[in-house]
Amino acid sequence: MYGYYRIASGVNITSIGEPKANLKEILTLLYTANQKEVSVIVFPELTFSGYSASDLFLNKRTLDAQNNALEDFLNASKEISTVAVLGVAVLFQNRLYNCAIVTQNGEILGVIPKTYLPNKREFYEKRQFNSGKDIKNQTLTICNQSAPFGVDLLFSDDASLILGVEICEDLWAINPPSNMMCSNGATLIANLSASNELVGKGAYREELVRTQSARCMCAYAYSSSGVGESSSDTVFGGDSMICEYGSMVAKGEKYQLQSSLITADVDLEKLTWLRINESSFCDEPTNYFREIKLKTLPTLGNIERFIDATPFVPSIDNLQSRAKEILDIQAYALIKRLTHTKIQKVVIGISGGLDSTLALLSLHRAYELMGWDNKNIVAITMPGFGTTKRTKNNAKELCKILEVTLEEIDIRAICLLEFEALEHSQINCDVTYENVQARARTSILMNTANKVGGIVIGTGDLSEIALGWSTFNGDHMSMYALNSGIPKTLIKYVVEYFKSNTRLTAILQDILDTPISPELLPPSIEKGEQKTEDLIGPYILHDFFLYHFMKYGATPSKILFLATIAFKDVYSKEIIQKWLILFIKRFFTQQFKRNTMPDGPKIGTINLSQRADWRMPSDANAQAWLEDIL
């Protein structure tokens, strides 16, 4: 399933010192998880006995009862392929250890001792247990099975799952064991915990789990003891969480009076490639770990995971702050460029479309921040053979409201002269017909910049750059590509941000409602309007493809798989595949344009400038990528 695994966190109702009663609850959760096609389930710390048994651990009968229940568990789970991570007390070389035991199909695969033992305030673990921090390359026998024992264990399948285990306080330490586990390849960390409830502790604990999954670029499954634990001095709420790379993907309700289970589908393949693509992960030190092979895991028939159709667009709660942040990056980037060059004049082509609108708004913000005269923003509208009255009027109205200098230069006469020089019929509306117009506009902008002593601001966006949807040495070129780090789907939402300004509300709404078009062909040729998305496909799809291709190097087949889920109610698989093929072809063939693109500010984690992010030969062959989905 393209690296997806279903992970579970189970919190069993606990009866202190009564492992047989606890066994029943544990097995119920395990059977449920297996039926749900869960690959790995984690239980709370000291699962069979209960964490708060305290000095009862110093009595042999507690361990005997626990081991009897563990043996019954192993016998009852021989047909269960779900990997279970449970808490047990282990006697080794006359020392007692608080451990996690990893089992599958009735076999003990390994035993991991706790490294950090809390021994302050309400915790006195060193009274009963010893730290296992130095135990490596050992084996032990438990329930008549010999198993690897130590803090040097990882468990892996033949694909993307590499499981590491730490126990409660280990996570709260300055250097959690999971750091080294992940730097040695672990993609999933299971944490068996007995974290009590105090005012404010739950929020801090959640942040700790979430940020550890981000720092280690891993999935993190956490299970803590529930209300069945003793309340003699502290209360346990049964917190359960599953995080993936800094995001909470599942969280259980605390204070349950019955056993509970949460599941989440995590993309471990993505995490592997994110480490290669996005971070200094490969500079982390490695150490020796014994890798234990897992048996066949449950087959995942489908994924139960929300796939965002617009991954570049923030959630509605963050949209306002994100839009402001984008505008600040653009504005201050421009301020730096202008102050460095000692220029206070800019020239921009304004079409009445989304891209030029955002660029103009960002320019206006920069000039406001610096107290510069808005009249030094020279906006030029250049109507051609396909320009509509709607876009032309919107361009003029926007410039009027923002009080910038507006010039109108009709390019048709210039283009007709060039058609004549080229001996190109003006009724032949081919690529030459369109590109002559695009280059005429760029020439006018460049020459005007020379005339007024300014620089040309480019308006092309990240989506167009990915597809090469620009005319080489036409709109492809500028002196500063202000929008080059923002994809089309996000530009729409940033423009929305400005609508709160009552002066701009009506005009921006009409611009947002205008179909995306280069307006290069006469309306009569295109039966009314030339629409970009009719020619190259929906930008919402192309931005989805771009995100997954660039963010973590997803294969075309995986992108297609995810897109069919994200757009299941909008586009058929055949339609998505059609536009994905076009995206791949254009992405590869248009690299030569990206290799010669002008400077522009990087806005998000994905950028296509060869100086900032993406380096690729112009003659790279797309065949291997196309074969993945053909």
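Predicted model: local features only at pLDDT ≥ 70, side-chain atom pairs only at ≥ 80, totals over all residues.
Five strands make up an open sheet, and if you step across it you meet them in the order β18-β17-β16-β19-β20, with parallel pairing. The two edge positions belong to β18 (405–408) and β20 (480–481); each has a single partner strand, so one side of each has no neighbour in the sheet. What holds strands together in a sheet? Strands pair through backbone hydrogen bonds, and they can do that in a parallel or an antiparallel way.

Now zoom in on one pair. Strand β17, residues 377–381, runs parallel to β18, and the two are joined over 4 bridges. To find one of these spots, look for Ala 379: its bridge partner in β18 is Leu 406.

Next, look for helix α11, which covers residues 431–452. This helix lies across β16 (346–349), β17 and β19 (455–458), and it runs at about 160 degrees to β16.

Finally, the cysteines. How many disulfides does a search of the whole structure find? The count is 0. Take Cys 143: the closest cysteine sulfur belongs to Cys 99 and sits 13 Å away, which is too far for a bond, because a disulfide needs the two sulfur atoms within 2.5 Å. Cys 415 isn't in a disulfide either, as its nearest cysteine sulfur, in Cys 429, is 12 Å off. Are these two buried or exposed? Cys 143 is buried, at 16% relative accessible area, and Cys 415 is buried too, at 0%.

Note on methods:
Residues numbered from 1 in each chain as written. Heavy atoms only, no water. Pairing = 2+ DSSP bridges. Contact = heavy atoms within 4.5 Å. Axes fitted to C-alpha atoms, helices over the stretch in contact; angles between N-to-C directions. Buried < 20%, exposed > 50% of the residue type's maximum accessible area, 1.4 Å probe, protein only.
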